[in-house]
Amino acid sequence: MMIRYASYFIAALLPLLLFRWFAPVSIGEIDFWLLWLLAMLLVSLPVVYAEIALAYRSAEAPLAGMQKLTREADVSTFWRSFGWLAALVSVLIAALVISGASTGILAALTELNSVPNVPSFAIAAGLMVIAVLLSLLGVAPLPIGLGLMLIGLLLGVANGLPNIAFAMTDVSLSEWARAVALALVSVGAGTGLYWFGQHLVSKQTVTAVGADNHNAQKTTRNSAAQVYRATKLVLPIWILQLVVGVVALFISGMALPPIGQLLYWVGVLFVVSYLLHYSTQQLAHKFGLLVSVVLTFVLALLLVVAIPTNWLVGILVIISSIAVLLLSVFAGWQMKISHLRKSLNFGNEAFYNLWRVAIRLIVPLALLLALIGWVMQWLS
């Protein structure tokens, strides 16, 4: 049951986790909100459609699925790098969030006069060890994490919401860059998480039915082909992202009481465990489970201990943008049109044509403009 809702948990959780690093200094920038809504429609939505379509077509997790799809499309193995980059992005998100958690926990303990005499990076390393151990539980920690985070946020709301002064400001490429980052990284588009979630659901369905019927897999696929619509999966995820994103923008400047902070960051720890679980499962396709757990742990630990938080943000922006660019170009230009049309199964041909224009032209152009905006912001 929990596996079926993993994608929805992720859609609700990622904005709460990541908006603080990409939201504007002044939450009241109306033009930023409008740019974010535009990026959600023109960039995030087509990319989530692409993930779900490729998940359905491959019937595998991202890393294994890309191998199958590149063989099917008879294209270069270069495109398989999306699977590796998606796994790396999940580890980067985990490292960034754990880095923030260590700082937040220290701040809360300081207010409670219970701060330990240890540096922040040591706490971050300890939290990462716990997260890796929790990752062995798979999807189970997600609802626990969401519950703890919501309780922490409700304690903050009880203290009062921040006052927001709305105003229009000058639109710039750096503002567009932050808007695209919110529309992609903060909602998980292009990370492969929704692809992976759909794979888990399909795998669970086939396994459950196949236990009683040796023809179950064929029957299940034939039945799914008759009723499957990508829109039934994508729109609930996208709408949930939109709603939670608006809430996250409103509360991103909210101050939490010490107990609220501790509950929130402990909840974050449970959520991070799923990101590490996802990365481990991708690497396990090549290296086996034990080696993959060790590789994920070592990489995450190095990132959280050796790299400053603001650098992690920059690395995450670059790697995730490259991953989404690869996904959009592969889905839009390399996949066979007939395969994607069947995988999306739109009720109207016009919707498919709109999606194809978006994934082939609008998404790559938007990403390139966003990268230019980030470079301009970093140089300034």
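Predicted model: local features only at pLDDT ≥ 70, side-chain atom pairs only at ≥ 80, totals over all residues.

Biologist: Where is S292 placed? And is S292 buried or exposed?

Modeller: S292 sits in helix 12. S292 counts as buried because its relative accessibility is 0%, and buried means under 20%.

Biologist: How is a pair of packed helices described?

Modeller: Two values are used: the angle between the axes and the distance between the axes. Here, helix 11 (residues 258-287) and helix 12 (residues 289-306) pack at about 130°, and their axes are 8 Å apart. Helix 11 and helix 12 are therefore oblique to each other. The crossing of helix 11 past helix 12 is right-handed.

Biologist: Which residues of helix 11 and helix 12 meet?

Modeller: From helix 11 the residues are L276, S279, T280, Q281, L283, A284 and F287, and they meet L289, V291, S292, V293, L295, T296 and A300 of helix 12. Sorted by class, this contact of helix 11 with helix 12 has nine nonpolar, five polar and no charged residues.

Biologist: Some of those numbers are three or four places apart. Why do residues three or four places apart point the same way?

Modeller: An α-helix has 3.6 residues a turn, so residues at that spacing point the same way. In the list for helix 11, look at T280, L283, A284 and F287, which are among the residues that meet helix 12.

Biologist: What is the angle between helix 13 and helix 15?

Modeller: Helix 13 (residues 309-334) and helix 15 pack at an angle of about 160°, with 9 Å between their axes. That makes helix 13 roughly antiparallel to helix 15, because angles over 145 degrees count that way. Helix 13 passes helix 15 in a left-handed crossing.

Biologist: Which residues meet there?

Modeller: On the side of helix 13 they are G314, V317, I318, S321, V324, L325, S328, A331, G332 and W333. On the side of helix 15 they are W355, R356, I359, R360, L361, V363, P364, L367, L371, W374 and W378. By class, the contact of helix 13 with helix 15 has 15 nonpolar, four polar and two charged residues.

Biologist: And how do helix 1 and helix 4 pack?

Modeller: The angle between helix 1 (residues 6-22) and helix 4 is about 75°, and their axes are 11 Å apart. That makes helix 1 roughly perpendicular to helix 4. L17, L18, R20 and W21 of helix 1 make the contact with I93, L96, V97 and G100 of helix 4. The residues of this contact of helix 1 with helix 4 divide into six nonpolar, one polar and one charged.

Biologist: What span does helix 4 reach, and what span is expected?

Modeller: Helix 4 (residues 81-111) has 31 residues and reaches 45 Å from its first C-alpha to its last. This is close to the 45 Å expected at 1.5 Å a residue. Helix 4 is also mostly covered, as 24 of its 31 residues are buried.

Biologist: What follows helix 4?

Modeller: N113 follows helix 4, and its phi is positive, near 60°. N113 has this positive phi although it is not a glycine. N113 is in the loop between helix 4 and helix 5 (120-135). N113 is exposed, because its relative accessible area is 71%. N345 is another residue to look at: its phi is near 50°, a positive value in a residue other than glycine. N345 is found in the loop between helix 14 (337-344) and helix 15 (349-379).

Biologist: Is V115 buried or partly exposed?

Modeller: V115 is partly exposed, with a relative accessible area of 44%. V115 is placed in the loop between helix 4 and helix 5. Not counting residues up to four places away in sequence, V115 touches L106, L109 and T110. V115 and R4 are 111 residues apart along the chain, and their C-alpha atoms are separated by 40 Å.

Biologist: Which residues does Q241 touch?

Modeller: Q241 lies in helix 10 (residues 230-251). Leaving out residues up to four places away in sequence, Q241 touches A11, P15, M40, S44, V48, V187 and Y194. Q241 counts as buried, because its relative accessibility is 0%.

How values were computed
Residues numbered from 1 in each chain as written. Heavy atoms only, no water. Axes fitted to C-alpha atoms, helices over the stretch in contact; angles between N-to-C directions. Helix = DSSP H or I, 4+ residues; strand = E, 2+ residues; numbered from the N terminus. Parallel < 35°, antiparallel > 145°, perpendicular 65-115°, else oblique. Left-handed = near helix turned anticlockwise from the far one by under 90°. Contact = heavy atoms within 4.5 Å. Nonpolar A, V, L, I, M, F, W, Y, C, P; charged D, E, K, R; others polar. Expected span 1.5 Å × (residues − 1). Buried < 20%, exposed > 50% of the residue type's maximum accessible area, 1.4 Å probe, protein only.
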